[in-house]
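Visitor: Please show me the model. I would like to go through its pockets and its packing.

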Amino acid sequence: MQQREPSPGRERSGQSLRNSLIICVTAIVAGVAIGFIGGAFRWCLEAADRLRIDFVDWTHGLPGPGWLVPMAAAAIGATGAALIVRRVPLAAGSGIQHVEAVFRGEAQPPLLILLPAKFIGGVLSIGSGLVLGREGPTVHMGAAIGAEAARRAKLPDPDVRMMQTAVAGAGLAVAFNAPIGGTLFAFEEVTKTFRWQTVLATLFAAATAVGCMRFILGNEPDFFVAPIAAPELRWLPLFLVFGLLTGCLGAFYNRLVLWFVDHVGGLPRVPAMVKAAVIGAVIGLAMFVYPLAVGGGDTLTQLILSGHHIVLPVVLGYLLVRFIAGPLSYSAAVPGGLFAPLLAVGALWGLLFSGGFDALWSGDTTALAIPMVLVGMAAFFGATVRAPVTGIVVVIEMTATTSVTIPMLIATAAAVLVAELIGSPPIYDSLRERMSPESLR
């Protein structure tokens, strides 16, 4: 009896199945790596936040010009981070725009040398008080791990690019303790497509990574929010107006970031380390006056979400400082992202809006304060990054709160619409266009 030879279709099907299994296993292995490394990175930054607040309290008791001490400390931290960027230029800034460029075929996948550069540089820059986010370095470290894992698995170049994107999404999931948000980020912001292999790889990587991160930091949401009732539907027009205003604010923030990048970060005759030192000194002075107004902003956001009473002039002061300090810090071109500071600005803006409305309205609207804060976090994120679903899901996962979902949807949609009508491009599109030739190699 003659044996049948396997048909070409079955061979292709078997090859595809083997390739998919290799991709999924590689994603799990890479997810374990970014989970523990990203968790350690977050732990270092949390320790640095506590030390920085205690350090500033100590400087307030020093005789003489004690404000010079935090200025010097922040300048040293920023200079150290700039020195690392000098050795590894790709470590500058967020790194998310580089992940997008790699996926689009405009840049080469990152190498593992990026890992220590982003880790140490991020601890120096964010830990010293610069108003930068942990998500940029974590996403970029995830991309480097994903690309290296794919190369070692001998996957073809398209799959290497896909894997760096998938594990970058896992990096965002680790940064915000938001596995669904990190997964959505990979599709909504980076690939803007849903391909089943990318979906599977990202899901496996994100689930594994967040599980490993929670093994280090605990199995709890990032922010504690007491149970709150859903706002009455009659307030939906107010949230709509708030979203429209937030879209204008987000567009202005994007322009401010780009202005600082072009006019401060782009100063040709000033060495990069000098610029970083000066920017660090300015942030150090702000740290002495407003200790909670610098850094990633998690401590300040938690105070707001806990219902801590902050008078409106102080809220306005915090908002103005962070609104300027974030773009200024980013122009230092040291490791650090934009996402986490955006959430803090959105929280302050929501608190300011609700407080102002309560002062003008005849009835008691204090119950709207925390819902407006949560909505502000999502809507401001959507207006600047232009990834509204990711922003909404990240805020819901970080706070374990779903009762404000409808106001979030309407306000975030309004914010994104206004930003589009104004003609403000997504921030990472603009930053990708400004990437240096060295970053694209």
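Guide: First a definition: Ala, Val, Leu, Ile, Met, Phe, Trp, Tyr, Cys and Pro count as nonpolar, Asp, Glu, Lys and Arg as charged, and the others, Gly among them, as polar. This is a predicted model, where local features need pLDDT of at least 70, side-chain atom pairs count only at pLDDT 80 or more, and totals for chains, interfaces and linings use all residues. Residues are numbered from 1 along each chain as its sequence is written, and side-chain values use heavy atoms, without hydrogens and water.

Visitor: How do the residues of the lining of the second largest pocket divide?

Guide: A lining residue has an atom within 4 Å of a pocket point; a pocket is an open set of points on a 1 Å grid over the protein atoms alone, where a 1.4 Å probe fits, with protein on both sides within 12 Å along at least five of seven lines. The second largest pocket has 27 such residues, with Arg42, Glu46, Asp222, Phe223 and Asp298 nearest its centre. They divide into 10 nonpolar, nine polar and eight charged.

Visitor: Which helix gives the most to that lining?

Guide: Helices are DSSP runs (H or I, at least four residues), numbered from the N terminus. Helix 1 (8-60), helix 8 (196-217) and helix 11 (298-305) each supply at least two residues. With six residues, the most comes from helix 1.

Visitor: How far apart are the end C-alpha atoms of helix 10?

Guide: Helix 10 covers residues 272-289, 18 residues. The expected span is 1.5 Å times one less than the number of residues. That gives 26 Å, which agrees with the end C-alpha distance of 26 Å.
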